[in-house]
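Visitor: I am new to this structure. Please show me how to read it, one feature at a time.

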Amino acid sequence: MIQSILFVCLGNICRSPSAEAVLRAKARDRGLDLTLDSAGTGDWHVGEPPYGPMQKAGAARGYDLSGLRARQVSVEDFYRFDLILAMDPSNYANLEALRPSDATARLEMLTDYLDEPGVGEVPDPYYTRDFDGTLALVERAAERVLDRLG
Ligand code: 4NP
């Protein structure tokens with residue numbers, strides 16, 4: 001049974017904190033008690049709040065990202081969480097390289113949950129600048145994740 005989920009992107013200031021906040025809100029709406037967190041494969045933004053334009057786009061859809069702080073993913077995360085969801089194939093490859101052989105966490109892509117053929121990653125709005133589009137995609141995926149958890 002999945003009770004804890006860690007979302008992982010590159011910087012932990014755009015996609016994964018958004019996924020964490022969206023899942024938290026939707027889990028609460030469904031009365032589900034899940035432990036949720038996010039982290040980045042990189043360490044450039046450790047300790048920083050989510051990127052300003054990402055916070056603004058999140059607030060416009062009702063998500064408060066302001067209290068989140070970036071951290072780097074660690075080997076211990078593979079034992080602490082039931083499920084680790086990567087935002088893109090590069091994040092997935094970096095996590096696979098870090099994953100210990102006796103990891104208890106399952107490693108998957110968030111987009112695996114979308115029934116949208118051809119969508120194989122959550123686009124990075126740090127580069128695309130489409131913060132709202134990324135949030136919309138994360139919202140659709142979040143519903144599917146929660147559907148599967150029951
Ligand atoms: P994220 O976006 O992985 O969705 O948090 C990024 C934010 C910052 C950088 C890369 C990706 N960066 O290189 O600073």
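Guide: Helices (H or I, at least four residues) and strands (E, at least two) are DSSP runs, numbered from the N terminus. Over residues 3-148 the chain is 41% helix and 14% strand. The end C-alpha atoms of that stretch are 12 Å apart.

Visitor: What kind of model is this, and how are residues numbered?

Guide: This is a predicted model: local features need pLDDT of at least 70, side-chain atom pairs count only at pLDDT 80 or more, and totals for chains, interfaces and linings use all residues. Residues are numbered from 1 along each chain as its sequence is written, and side-chain values use heavy atoms, with hydrogens and water left out.

Visitor: How many helices and strands does the protein have, and which pattern do they follow?

Guide: There are 6 helices and 4 strands. Along the sequence they run β-α-β-α-α-β-α-β-α-α.

Visitor: What does UniProt list for residues 3-148?

Guide: UniProt positions are given in the numbering used here, feature names are shortened, and annotations may be inferred rather than shown by experiment. For residues 3-148 an unreviewed UniProt entry lists "domain: Phosphotyrosine protein phosphatase I".

Visitor: What does the radius of gyration say about the protein?

Guide: The radius is taken over C-alpha atoms, and the globule rule is 2.2 Å times the number of residues to the power 0.38. With 150 residues, a compact globule would come out near 15 Å; the protein has 14 Å, which agrees. Its C-alpha trace spans about 40 × 35 × 30 Å along the principal axes.

Visitor: How do I read burial and contacts?

Guide: Buried means under 20% relative accessible area, exposed over 50%, and partly exposed in between (1.4 Å probe, protein chains only). Buried residues make up 50% of the 150 residues. Contact means heavy atoms within 4.5 Å. Of the contacts with a separation of 6 or more, 70% join residues 24 or more positions apart.

Visitor: Which residues does the "active site" annotation cover?

Guide: In the unreviewed UniProt entry it covers Cys 9, Arg 15 and Asp 124. They are spread over 116 residues of sequence, yet they cluster in space: the largest C-alpha distance is 8.8 Å.

Visitor: Where is Cys 9 found, and is it buried or exposed?

Guide: Cys 9 is in strand β1 (residues 4-9). Its relative accessible area is 2%, so Cys 9 is buried. Not counting residues up to four places away in sequence, Cys 9 touches several residues, including Arg 15, Ser 16, Met 87 and Asn 91.

Visitor: What about Arg 15?

Guide: Arg 15 sits in helix α1 (residues 15-29). Arg 15 is buried, with a relative accessible area of 2%. Beyond four places in sequence, the residues that Arg 15 touches include Cys 9, Asp 124 and Thr 134.

Visitor: Where is Thr 134 found, and what does it touch?

Guide: Thr 134 is in helix α6 (residues 131-149). It is buried, at 2% relative accessible area. With residues up to four places away left out, Thr 134 touches Arg 15, Val 122, Pro 123 and Pro 125.

Visitor: Which phi do Asn 12 and Arg 129 have?

Guide: Asn 12 has a positive phi of about 60° although it is not a glycine. Arg 129 is not a glycine either, and its phi is positive, about 70°. Asn 12 lies in the loop between β1 and α1; Arg 129 lies in the loop between α5 (125-128) and α6. Asn 12 counts as buried at 2% relative accessibility, whereas Arg 129 counts as partly exposed at 43%.
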